[in-house]
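Welcome, and please take a look at the structure below. A short briefing follows, grouped by topic.

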Amino acid sequence: MAGKQFWLLGVFLVVVFHSAVLPSATQSEGGSEGHAIGLSSMSDAIILHPLKNEKVQLAAAEALVKRLLPDLAALFHLEFLSEEECGGAACFDISNVAAQQGLNTQSYSLTNTTSQVRIRGSSGVDIAAGLHYYLKNNCGAHVSWEKTGGSQLESIKQHTLSGNLPKVGQSVRVVRPVKWSYYQNVCTVSYSMVWWDWARWEKEIDWMALQGINLPLAFTGQETIWQKVYTSPEFGLTDADLSNFFGGPAFLAWARMANLQAWGGPLPQSWLDGQLALQKKILQRMRELGMTPVLPAFAGGVPGALQKHFPDAKIRRLGDWGSVTADPKYCCDFILDGSDPLFARIGRAFIEAQVAEYGTDHVYNCDTFNENAPPTDEPAYIAAIAESTFEGMRAADPTAIWLMQGWLFFNDAAYWRPPQMKALLNAVPRDRMIVLDLFADVHPVWQRSESFYGVPFIWCMLHNFGGNLEMYGDLEAVVHGPVVARNAPNSTMVGVGLCMEGIEHNPVAYELMSEITYRHEPVHVEEWVGSYAVRRYGRDHPDARAAWDLLRRTVYNSTDGHADHNLDVVTWFPHLAVSPTNPRRLLHAPAPHLWYPAADVLAAWKHLLSAAEDLHLSRPFLYDLVDVTRQVLSKFANAVFERLLDAYADSDAAGVSKQGEVLLRTISDMEEVLRTREEFLLGPWLEAAKAWGQTDEEKQLLEWNARTQLTMWFDATASLPSTLHDYANKEWSGLVGGYYLPRMALLVDRLKEAVKTNKLIDLREFWVSWVALTERFQSGREAFPLSTEGEPVAVSAKLYSRYSKLVMSEEYRIQPSMKVRDLYFSGANLWQQQ
């Protein structure tokens, strides 16, 4: 029921936010207390959506429990808890109520509905987070995405065989150290969420609430609003004008950021209408649970056709953003200068149209300079742009808050020096802006900007680029970074955030980061990961613990400042060049990333196989087993590729043949093991895309979008691959066997032919063949399996037997490019020194 009428009612609902000093969590009544410093996260008075009331939020939380635990929901008694009772902050508490025998142990259906556990929270989200806390800590349960093995809830049923939920013991109260838990990156909507329907969104919003997320990005359906705005009499554009402006569904994130235009389009009207309806459901559910959805705002990118109607407007074309030929059809977007009066006018019109359709919670994301530097570095000019951008929001919504991604301050640090940063950040009232320190897990900007020069900021874990599936992380950074930032002198930190470009991978990193929402002190990572292994699989197994301890110290201990792009040669095909000193030596970039000893992850694989007899019925276990198998084979392929190039450089025909055979077999074996788990199948991604089409023509366009994002990404020529090729690579069955394998075979065949005839490889001819292969795949309509083939434990065991000695042999040994951090240190001291 979101809409203008509700927004108008909402102006009378005012909530005063928490004070600057927040009490720490009291882990049990009578427990010790400490103090953590926080800032008021927004203006002192924020008008909230009318759905944000106790009755609605309680009902939404109860419905969530029924979806998660349909047979046990009645055993939980939920109540609202005022922030005053939480000491002026947000919190939840958990306690016992009178225990009753009440379960049919055969079906787990209730025979007595007396509640046994009471969960109170200051919002629907905090109630859900309290439930998650209880399930993890008292029932040994685990909640995860379906694409990462799903949830482990069997341990709850085992606990309730006697008819009772586990006792809480001494009652628990947990208080948020900072107000906000933010979720999403502006790219997540394209890399992971683009094809979701309401059923999938409902599951995600439930997951968000269980993790305590209360400030999610809500970007769905904005093109429909732009269509209404630009085709209105005020601006006078046509649908044809917008067809040359909107990107395709898989590329909307970058069209919105003025990086590209029209690529993958035009958007079907059925898509626009469907996204509008979907956004209304998303926003309603978020608001019912007490979340504050962040809506988009105008950032300056405009259709080129706007020049015809406003010839005096200050509209310029941006430079090339990653295309091969700078084709004006797709690149070099038009941007309206923020100093032009038309800028604020469009910004106001968009917010007004959006509020009329969706309602508002008064927080708007806008990234005016994202990967597009202003034409001058004059601070006065930058400040004027910032003022105009905010004025467009405030003109439509007097209580507007500007939330911006801080990626630009890292990505273009040479431009964004202190004077330029201050000009942008201080042009807006400090209580009207929040900055996402987007890459704080690796390159925190708050440390070199005096906490963003007084502007409130959210400490974020970016973690992933392009939605790649590589196992990766720095768990120590996650547990220490936010605590150090929050307790730093004059800190303006007001929240923590998950800001990955793509989701549904590396569940350990996301569960740990989500837990930081309610943590006042750093987690002991070794202990936490050990308990994670128990919860994830539903039982304590020594081999599982040993495997995860090795993974904690290796793949989840990356400290080299590397951005997590999966650069392995199977999925991110390297750019080859001839060495200037040896025409037979092929140089390649980018270099694959290896930050740990291969032997340790090989040992983790062996431990998982040893646990398989006891854990083979666990979906999360099988996912992890296949994921580790995939990780080992993918890294091993990098070593084989190096030996292949060595053999070519030495004109060793037998060596090229041998290494080519090993490399292609490794990729084929990756395809085989990935095919055993539904989480690693390409077919569902393509079918979800086609499901949004109403005609065969629409289905074909949407499938092209889905295939192209994974492969060439942006435009290419007949002889030059896109500069963004493989950015969104996925190690999925179907993609590995149907695209990556034949692409690598092209290169192997040409290397074999070159050494056989004593010639040099023609790289330009190879590129032509590669581009042609990709275009055939992108335009293909063949169906890929939606069901699995093979048994994961058996296939993984077979491959371990095949590769364990090869991985450790001198022939294929590659030293890590860095040393992992010594884990035996005082984490807080180390992070303070950084």
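The buried residues of helix H25 pack against helix H5 (188-191), helix H10 (269-288), helix H24 (683-690), helix H26 (735-756) and helix H27 (763-779). Here buried means under 20% relative accessible area, exposed means over 50%, and partly exposed lies in between (1.4 Å probe, protein chains only). This is a predicted model, in which local features need pLDDT of at least 70 and side-chain atom pairs count only at pLDDT 80 or more, while totals for chains, interfaces and linings use all residues. Residues are numbered from 1 along each chain as its sequence is written, and side-chain values use heavy atoms, with hydrogens and water left out.

**Helix H25**

- The buried residues of H25 are Glu698, Leu702, Glu703, Asn705, Ala706, Arg707, Thr708, Gln709 and Leu710.
- H25 covers residues 696-710, and at 1.5 Å a residue its 15 residues should span 21 Å; the expected span is 1.5 Å times one less than the number of residues.
- The end C-alpha atoms of H25 are 22 Å apart, which agrees with that expectation.

**The whole protein**

- The protein has 29 helices and 21 strands; helices (H or I, at least four residues) and strands (E, at least two) are DSSP runs, numbered from the N terminus.
- Of its 834 residues, 64% count as buried.
- Among contacts in the protein with a separation of 6 or more, 78% come from residues 24 or more positions apart; contact means heavy atoms within 4.5 Å.
- The accessible surface of the protein is about 28,900 Å², and 53% of it belongs to carbon and sulfur atoms; accessible areas come from the Shrake-Rupley method with a 1.4 Å probe, and for residues only the protein chains shown count as cover.

- At the start of H3, a side-chain oxygen of Ser123 comes to within 3.3 Å of the backbone nitrogen of Val125.
- After H3 comes Gly140, with a positive phi near 65 degrees.
- Val125 lies in H3 and is buried, with a relative accessible area of 0%.
- Apart from residues up to four places away in sequence, Val125 touches Arg176, Ala209, Gly212, Ile213, Asn214, Leu289, Gly290 and Met291.
- Val125 and Leu210 are 85 residues apart in sequence, and their C-alpha atoms are 6.9 Å apart in space.

**Helices H17 and H18**

- Two packed helices are described by the angle between their axes and the distance between the axes.
- Helix H17 (residues 475-487) packs with helix H18 (residues 507-515) at an angle of about 10 degrees, with the axes 10 Å apart. That makes H17 roughly parallel to H18.
- Axes are lines fitted to C-alpha atoms, for helices over the stretch in contact, and angles run from 0 to 180 degrees between N-to-C directions. Angles under 35 degrees count as roughly parallel, over 145 as roughly antiparallel, 65 to 115 as roughly perpendicular and the rest as oblique.
- Leu475, Val478, Val479 and Pro482 in H17 meet Val508, Ala509, Leu512 and Met513 in H18.

- Met500 sits in the loop between strand E19 (493-498) and H18, and it is buried, with a relative accessible area of 0%.
- Setting aside neighbours within four places in sequence, the contacts of Met500 include Tyr183, Asn185, Met461 and Tyr510.

- His541 is found in the loop between helix H19 (525-537) and helix H20 (542-553), and it is buried at a relative accessible area of 7%.
- The side chain of His541 makes a polar contact of 2.9 Å with the side chain of Asp614; a polar contact is a pair of N or O atoms within 3.5 Å, and within protein one must be able to donate a hydrogen and the other to accept it, with residues adjacent in sequence counting only if both atoms are side-chain atoms.
- A polar atom of the His541 side chain also lies 3.1 Å from the backbone nitrogen of Asp543.
- Arg120 belongs to strand E7 (residues 117-121) and counts as buried at 14% relative accessibility.
- The side chains of Arg120 and Asp93 are joined by a polar contact of 2.8 Å.
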